[in-house]
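Please examine the sequence and the structure shown here before reading on.

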Amino acid sequence: MWIYEKKLEYPVKIRTPNPKMAKVIITQYGGPDGELAASLRYLSQRFSMVTPEARATLNDIGTEELAHLEMIGTMVYQLVKGASIEDIKAAGLDPYYADHDRGVYPISAAGNPFTAAYIQSKGNPIVDLYENMAAEQKARATYEWLINLADDPDVLDPLKFLREREVVHFQRFGEALRIVQDYLDSRRQFVIPKPKDTE
Amino acid sequence: MDSNREELLKQLSALDFTIIELNLFLNTHPRDRNALMKYNTAVEQAKMLRMEYERRYGPLTAYYSTSSYPWQWICNPWPWHYSFNFRLAGEEC
Amino acid sequence: MMNMRSSDSKMPEKPYPPECYDRVPESEYIPGNPYLPNIEPAPGAPGTPGYPCVPQETVIENVKLARAYVPFQRLCSTYPAVRALCRGTLFPELFSPYRGPDKKHRPPQYE
């Protein structure tokens with residue numbers, strides 16, 4: 001189960017509203033390679049993991065992604081909070097504003113609402129771990145493009161933090177993959193399946 | 001705002017972050033003694049720091065933390081508010 | 001009719017991997033440190049005096065085709081807490097800052 005602790009993993013303190021940035025950063029909230037997709041993916045896949053290391057890795061990284069989701073939501077919230085209607089219109093955020101005012105809603109930068117089609121949970125630990133490694137690379141690249149688009153240090157700092165987290169998560173999934181690969185290799189040496197075995 | 005609160009929150013956030021990092025490392029390196037020692041030390045330190053923060057500024061969870069009267073959990077600011085957060089200076093990086 | 005049981009003598013006594021690793025009995029813990037078992041680290045292990053600490057494995061054995069291998073990280077040094085938070089990782093070997101849209105990201109130029 002989850003306990004909520006009343007603080008962000010990394011501080012978000014944005015002085016200047018910027019709806020243009022909000023429009024693109026929101027893609028890491030509800031977009032294809034965003035934190036909602038990541039947390040849902042890992043927390044769903046963890047049920048079919050083998051080996052204690054892989055289960056724990058999926059569980060804990062999935063949990064951390066929820067903390068990142070909170071950070072992105074906070075960034076969008078702070079970026080539109082003090083913005084005028086003119087700025088919102090100039091940023092092209094008026095369609096979003098029409099449906100959500102200054103609220104936070106899970107969509108991609110292009111305006112597509114979040115869908116589980118962004119994630120996969122194949123039930124096969126090897127497949128899922130490769131999917132996760134790819135997902136971390138996609139998230140990292142997305143943060144790099146967001147960093148390219150930003151120039152406010154208050155916005156850049158959390159983006160750089162989140163990008164570095166993707167690098168670390170990739171390493172952890174890679175290690176979990178090694179462990180699961182070794183386990184599945186060695187298991188074949190131990191078990192002689194019965195003729196009717198459905199494995 | 002309250003620079004003491006921000007400083008304390010910064011130290012606590014930093015310590016909690018090292019705990020998260022060591023947690024993930026230990027998940028794939030369960031037999032690393034060094035890492036386990038660092039993790040346990042950090043957890044003990046964080047317990048003290050968290051106790052101090054909550055004593056002064058109110059509960060950080062509505063699960064492990066007690067509250068004075070009236071119920072403090074609902075009080076502002078919440079983590080997504082500008083005033084809740086601290087800022088990391090360039091030289092700390 | 002031969003009754004082939006899969007639980008032959010080839011099966012290990014415990015299921016592999018164990019559902020969780022057996023905790024070391026309390027009698028083996030270092031006095032004053034309730035959490036750490038008192039077992040000597042392997043000689044030449046990272047952290048023993050004089051050993052140059054390489055923060056990753058550098059040789060992977062028995063690599064097979066059609067697979068990806070990520071080298072294991074090894075713990076050497078860590079950043080102090082506030083620097084770790086600022087940089088996004090506790091481990092210097094994993095710190096990999098983004099240098100911006102520079103020449104590395106331009107598409108390759110062919111003759």
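The sections below describe a predicted model, beginning with the contact between its chains and continuing with the packing of helices.

## Contact between the chains

Chain A contributes 25 residues to its contact with chain B, and chain B contributes 20. On the side of chain B that touches chain A, 13 residues are nonpolar, 6 are polar and 1 is charged.

## Helices α3 and α4 of chain A

In chain A, helix α3 spans residues 35–45 and helix α4 spans residues 52–81. Their axes lie 8 Å apart, and the two helices pack at an angle of about 160°. Because angles over 145 degrees count as roughly antiparallel, α3(A) and α4(A) are therefore roughly antiparallel to each other. Their crossing is left-handed.

From α3(A), the residues in contact are A:E35, A:L36, A:A38, A:S39, A:Y42, A:L43 and A:Q45. They meet A:L58, A:I61, A:G62, A:E65, A:L66, A:H68, A:L69 and A:I72 of α4(A). By class, the residues of this contact comprise 9 nonpolar, 4 polar and 2 charged.

## Helices α3 and α7 of chain A

Helix α7 of chain A covers residues 125–149. The axes of α3(A) and α7(A) cross at roughly 165° and come within 11 Å. These helices are therefore also roughly antiparallel to each other, and the crossing of α3(A) and α7(A) is left-handed.

Here α3(A) supplies A:A38, A:R41, A:Y42 and A:Q45, while α7(A) supplies A:D128, A:N132, A:A135 and A:A139. The residues of this contact divide into 4 nonpolar, 2 polar and 2 charged.

Conventions:
Residues are numbered from 1 along each chain as its sequence is written. Chains are lettered from A and ligands numbered from 1 in the order in which they are written. This is a predicted model: local features need pLDDT of at least 70, side-chain atom pairs count only at pLDDT 80 or more; totals for chains, interfaces and linings use all residues. Two residues are in contact if their C-beta atoms, placed from the backbone, lie within 7 Å. Ala, Val, Leu, Ile, Met, Phe, Trp, Tyr, Cys and Pro count as nonpolar, Asp, Glu, Lys and Arg as charged, and the others, Gly among them, as polar. Axes are lines fitted to C-alpha atoms, for helices over the stretch in contact, and angles run from 0 to 180 degrees between N-to-C directions. Helices (H or I, at least four residues) and strands (E, at least two) are DSSP runs, numbered from the N terminus. Angles under 35 degrees count as roughly parallel, over 145 as roughly antiparallel, 65 to 115 as roughly perpendicular and the rest as oblique. A crossing is left-handed if the near helix is turned anticlockwise from the far one by less than a right angle, and right-handed if clockwise.
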